[in-house]
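Hello,

Here is the structure I promised to pass on. Please open it first, then read the notes below.

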Amino acid sequence: MKKRVVRRDGANRSDSTSSVVRTVRYVECQKNHAANIGGYAVDGCREFMPSGEEGTHRALTCAACGCHRNFHRKQVETEVVSESSS
């Protein structure tokens, strides 16, 4: 699942503006399925896939492994794009 957030900076300056684009991905599941017996075992789910539509409770459950999105490692990529005019 990818989310895209855009924030504009420099709104009070007329000569240049910059945008910060953040892409959020939830990658491999890190839930320890053997914690109750004192071990460590993960299921191998490589990427979060929502079970339902955005805005529902099912959107926070992974269709592949059945875990909540919080068990998946969050990966944030930030890109700064600047535009200038003369």
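Are Tyr26 and Phe48 buried or exposed? Both are buried. Keep in mind that this is a predicted model.

Those two residues deserve a look together. The structure holds one aromatic pair. Tyr26 and Phe48 form that pair, with ring centres 6.2 Å apart and planes at 70°. Planes over 60 degrees apart count as edge-to-face, so this pair is edge-to-face.

The pair also links distant parts of the chain. Tyr26 sits in strand S2, which covers residues 16–29. Phe48 lies in the loop between S2 and strand S3 (72–84). The two residues are 22 apart in the chain.

There is a second ring to check. The charged end of Lys31 sits over the ring of Phe71. Its distance from the ring centre is 5.2 Å.

Now the overall picture. The protein has three strands and zero helices. From the N terminus on, the order is β-β-β.

Some totals for the protein:

- Of its 86 residues, 21% are buried. Tyr26 and Phe48 are both in the buried class.
- Take the contacts between residues at least 6 apart in sequence: 44% of them join residues at least 24 apart.
- The exposed surface comes to about 6,300 Å², and carbon and sulfur atoms supply 46% of that area.

If you have time for one view, start with Tyr26 and Phe48, the edge-to-face pair. Then turn to Lys31 over the ring of Phe71.

Best wishes

Notes. Residues numbered from 1 in each chain as written. Predicted model: local features only at pLDDT ≥ 70, side-chain atom pairs only at ≥ 80, totals over all residues. Heavy atoms only, no water. Phe/Tyr/Trp six-rings, centres within 6.5 Å; stacked < 30°, edge-to-face > 60°. Helix = DSSP H or I, 4+ residues; strand = E, 2+ residues; numbered from the N terminus. Buried < 20%, exposed > 50% of the residue type's maximum accessible area, 1.4 Å probe, protein only. Lys NZ or Arg CZ within 6 Å of the ring centre and 35° of its normal. Contact = heavy atoms within 4.5 Å. Areas by Shrake-Rupley, 256 points an atom, 1.4 Å probe, with all protein chains shown as cover.
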